[in-house]
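Please consult the sequence and structure shown below.

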Amino acid sequence: MGKKRKTGKKEGVFLTILVLFCTFLTGCAFLDIRDGGQGMTNPDYVEPEEESTTSSHTESPDSGESQKEAATSWLTEAGKASLMEEQEWLRDYGAVFGASFLGYTPDYSFPGKEYQRAETYPYLEGIPEDHIIEYTGDEWYVIVPAQEGWKMSIESCSWNDDFTESSTEDLLWESNDGLPLILRCNLSDLYSNVRVTARKGSQEVSWHPYYLTYAGEIEPTDGVMQLLSGSYIPEEGYLYGMEGSWYCDSAKTDAGEPYFYSITFMTGEDGYPLDMWYYGGLLDGEMEDIRFFWDGSYAYGDPLGESLEFWLNTPDGTRNGTIWLELEGDCLTIYEMEGEAFFPFTSGSVEKFYLHPVAAAGENYDYSGNEMDVLLAQSEVQDRLSLGMALRDVDGMETIRGEACILFALGTEHPDQFVAEYYYAVSPSGLVYRMDYLTGEWEPI
């Protein structure tokens, strides 16, 4: 038999001591965690953070609306309502964005046209500078996305030799906020120097800004259409309530040549000044050789409305000054007062005008002798004259639809000759025709 080991008692004592020591350590650990500073503390222990019910990286449901309100804070109530109507109009017709031609002007201040712009496009009032994109050119457009979610970009572009294909160059601006923007572009009316593009996922709609002078609207394309606001110009009445234009045929140039002026003062629904049409030229007997056509606006310079401040859009910029009016019956005397000359092509500073009336609504009026005024009321003629073209009478008459019509030519003055580019005919009943240069047929405007 082997020897029996005598270590059992010692081992039992050792195990008892070991168990007590482990229990002590465990108790210290619990104290470290749970004593709250009343007992022993563990310098390495970090209190666990309570789990928050909302993450600091999660935006509240209203944050998107708040950002949108901040982005549109410059819009007036009238502007918001007009913009909503405009965008609804675009969506109803399936357009991605719409545009309108604002005019030719050296800068966006549009001197003399602030009232018209505010009335036609209320959502442009206070538009921030980062939504006014100025590139090379003198044509101004307003562009309105139909809704948010489309990224709008404007890029400069160039064309091949026959203007059939364009290629983009530099990115000028981009945004996806769905808000209106103003664009200045186009050095030539033959081609556009920018491309406007809307992108959403795999969808893309592009447009090269171009103004159709004969239609008075932009050239549309798939997904792009004329804005509702810019599809007409409000003309509600006439200054003094005397409907028609004021005509002067007694002016003389410095060289003594007979000269004429014709002015039309338009007013808005409230009776306050709105637009002004002003043209004139040389007289050869009863033949008129129109040398200028300017549109613009005017404002009362005094409470009685006897003095007017005017702003006229000319190829050389805006002409501004003040005139004094004296009305006696059907005779209106206009005096130059301050600023730039109102009669820049003649020697006098005072001229007498008499009224050329127009027909009342529904009246069968004979426009004989007023054919020029009828023609100059056409927007395409106004636009071409504003580009520097000249309008001339043409000898002879043309019978169109049983009426003997007066003929006119619109073209370019050269040092040695006049080059006619468009032909028009005006009937005694006030109908205006344009000749189709391919067929030679007269088409009504």
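Which residue in S3 stands opposite Phe-97? Pro-145 in S3 holds that place.

The model is predicted, with local features requiring pLDDT of at least 70 and side-chain atom pairs pLDDT 80 or more, whereas totals for chains, interfaces and linings use all residues. Residues are numbered from 1 along each chain as its sequence is written, and side-chain values use heavy atoms, without hydrogens and water.

**Strand S1**

Strand S1 spans residues 97–104, and seven of its eight residues are buried, so it is largely enclosed by the rest of the structure. Buried means under 20% relative accessible area, exposed over 50%, and partly exposed in between (1.4 Å probe, protein chains only). Strands are DSSP runs (E, at least two residues), numbered from the N terminus; two of them pair if DSSP finds at least two bridges between them.

| Partner of S1 | Residues | Bridges | Direction |
|---|---|---|---|
| S3 | 139–145 | seven | antiparallel |
| S11 | 224–226 | three | parallel |

In S11, Met-225 is the bridge partner of Gly-98.

**Nonpolar cores**

A nonpolar core is a set of buried Ala, Val, Leu, Ile, Met, Phe, Trp, Tyr and Cys residues joined through side-chain atoms within 4.5 Å. The largest has 26 residues, and Phe-342 and Tyr-278 are among those with the most contacts inside it. Strand S14 (258–267) is one of the elements giving two or more residues to this core; S14 gives the most, with four residues. A second, separate core of 22 residues includes Phe-101 and Trp-207.

**Surface**

Tyr-191 lies in the loop between strands S6 (181–185) and S7 (194–200) and, at 32% relative accessibility, counts as partly exposed.
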